[in-house]
Amino acid sequence: QVQLVESGGGVVQAGDSLGLSCAASEGAFGTYAMAWFRQAPGKEREFVAGISWIDPNTYYADYTDSVKGRFTISRDNRRNTMWLQMNSLKLDDTAVYYCARSMFSRNIGRRVDEYDYWGQGTQVTVSS
C-alpha cells in the first residue's frame, strides 16, 4: 500500500522560513498529483498547495491565496519525495501539515475527498 511520511515541522518566529518534506516508498507517487493540506485547531483541513504530474520534467503547481508568493511546492518522483518551502511565515500558518496523494494526475483538486492517501502530519508552530 501507499504510505506517506511528513517531516520538517517545528517552532519558528513570524517572518522566518521552514521546509517540509514528504517521503514514500519506491513508485508510491506514480503519475498522481500530490498536495499539502493543513489543519489548525478547531478548523477543517484545508488545501495549501498541489503539484501535478505530466512527465519527469513537466508539472503544474497550484496554491491557495493565503500562501501564494510565500510557499513553493516541488517533487522528485525518482526519489518519491515532495517538499514544501515556506517563507515569510505568519501566525495563521500554525497548523498540522499533511502530505496527500490525489486520485488524479493532471488535475489538482482542492477537496479532501479527492485524495486517497495521507501522511500522519507534522506540526508547524509560528510564534510572534
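Modeller: A residue is called buried when its relative accessible area is under 20%, exposed when it is over 50%, and partly exposed in between (1.4 Å probe, protein chains only). The model is predicted: local features need pLDDT of at least 70, side-chain atom pairs count only at pLDDT 80 or more, and totals for chains, interfaces and linings use all residues. Residues are numbered from 1 along each chain as its sequence is written, and side-chain values use heavy atoms, without hydrogens and water.

Colleague: Are Arg70 and Asp93 buried or exposed?

Modeller: Both Arg70 and Asp93 are buried. They also belong to a network of salt bridges with Arg38 and Glu46.

Colleague: Why can such side chains pair at all?

Modeller: Side chains of opposite charge can pair when their charged atoms come close.

Colleague: How many salt bridges are there by this rule?

Modeller: The count is seven. One of them joins Arg110 and Asp62, at 3.0 Å from N to O. Strands are DSSP runs of E of at least two residues, and helices are runs of H or I of at least four, numbered from the N terminus. Arg110 is in the loop between E9 and strand E10 (115-118) and Asp62 is in strand E6 (residues 61-63), so the pair ties together parts 48 residues apart in sequence.

Colleague: Why is Arg110 called partly exposed?

Modeller: Its relative accessibility is 40%, which falls between the two cut-offs, so the term applies. Asp62, at 23%, is partly exposed too. By contrast, Lys68 and Asp65 are both exposed; their salt bridge has its closest N and O atoms 3.3 Å apart.

Colleague: Which residues touch the most other members of the largest nonpolar core?

Modeller: A nonpolar core is a set of buried Ala, Val, Leu, Ile, Met, Phe, Trp, Tyr and Cys residues joined through side-chain atoms within 4.5 Å. Among its 28 residues, Trp36, Met82, Leu84, Met86 and Tyr97 touch the most other members. The elements giving two or more residues include strand E4 (34-39) and strand E8 (81-86), while E3 gives the most, with four.

Colleague: What does Leu84 touch?

Modeller: Contact means heavy atoms within 4.5 Å. Not counting residues up to four places away in sequence, Leu84 touches residues including Leu20, Trp36, Val48, Ile73 and Tyr97. A second, separate core of seven residues includes Phe37, Ala100, Ile108 and Tyr115.

How values were computed
A salt bridge is a side-chain nitrogen of Lys or Arg within 4 Å of a carboxyl oxygen of Asp or Glu.
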